Amino acid sequence: HGRLLAESERLSRVLLNSISHELRTPLAAIGSAASALSDATSTSPDMRRTLLAEIHEANARLNRIVGNLLDLARLEHGNVTVRADWHDARDVVDTTVRELHRELAAYAVTVEVPSEPLLAWLDFSLIQHALANLLVNATMHTPPGTAIEIGVTSEGDAVAWTVADRGPGIAPDLLPKIFEKFVRAPNASAGGSGLGLAIAKGFVEAHGGTLVVANREGGGTVFTFRLPQPERPPLVEASIQ
């Protein structure tokens, strides 16, 4: 009991230290940009656009941090309910890339999906969130201008999504614990709380799926999550004109 209590207190301290630091950075950026914007006499239109972009970026970072905290609380307390239905697996990719257009703008993003609908039984919100966390993770560990590749394929009785990058890869000693809470690679850019990968894994596993990572030949990493498909999808009936 004493060991569990000590571990709980340690995790609480890590959480508080991590989150307080991560919250201060975007809050300071918003405060600084807002102050500069309020002085209309000294800001040109170009400068105002730059300051507004900084506020939008800092706000997005805040939303990610708060969202990850809420997701972590749901996972820790077993409050994740999978509301699955049939969805086109390609739509998960399209929606996620569209919502992260600002974060992905500086990267050479390629998407490889089937030409025909690929129906998968899943909770769209949870899986879309898991994919988003993998993509945000890629942007934090790879230099701007490098490739980020996203794909989805059918693997018999499973559907698999991949996120591959050409960053520095993951050190061998870090590889076994990369999905643990609060683990951050030393080369990660500012703005992460070390929770994104743990949450992605939790959401995938809530579906009975798996999330794995490997270093790529030629540099970089590839994350793959697979969702088992226990049923055959319904036939898509052609609409009769």
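The buried residues of helix α3 are covered by elements that include β1 (85-88), β2 (108-112), β3 (119-122), α5 (124-141), β4 (147-154) and β5 (158-165), where contact means heavy atoms within 4.5 Å. In this helix, which spans residues 89-99, the buried positions are Ala 89, Arg 90, Val 92, Val 93, Thr 95 and Thr 96. Buried stands for under 20% relative accessible area, exposed for over 50% and partly exposed for what lies in between (1.4 Å probe, protein chains only). Helices (H or I, at least four residues) and strands (E, at least two) are DSSP runs, numbered from the N terminus.

This is a predicted model, so to speak of local features takes pLDDT of at least 70 and side-chain atom pairs count only at pLDDT 80 or more, while totals for chains, interfaces and linings use all residues. Residues are numbered from 1 along each chain as its sequence is written, and side-chain values use heavy atoms, leaving out hydrogens and water.

Now to the rings. Searching the whole structure gives three aromatic pairs; rings of Phe, Tyr and Trp (its six-membered ring) pair if their centres lie within 6.5 Å, with planes under 30 degrees apart counted as stacked, over 60 as edge-to-face and the rest as tilted. Here are two of them:

| Pair | Centres | Planes | Type |
|---|---|---|---|
| Trp 161 and Phe 225 | 5.0 Å | 15 degrees | stacked |
| Phe 179 and Phe 223 | 6.0 Å | 80 degrees | edge-to-face |

Trp 161 belongs to strand β5 and Phe 225 to strand β7 (residues 221-228), so this pair ties together parts 64 residues apart in sequence. Both Trp 161 and Phe 225 are buried.

Phe 179 is in the loop between β5 and α6 (196-206) and Phe 223 in strand β7, so their pair links parts 44 residues apart in sequence. Phe 179 and Phe 223 are both buried. Phe 179 also has the charged end of Lys 201 over its ring, 5.1 Å from the centre; this requires NZ of Lys or CZ of Arg within 6 Å of the ring centre and within 35 degrees of the ring normal.
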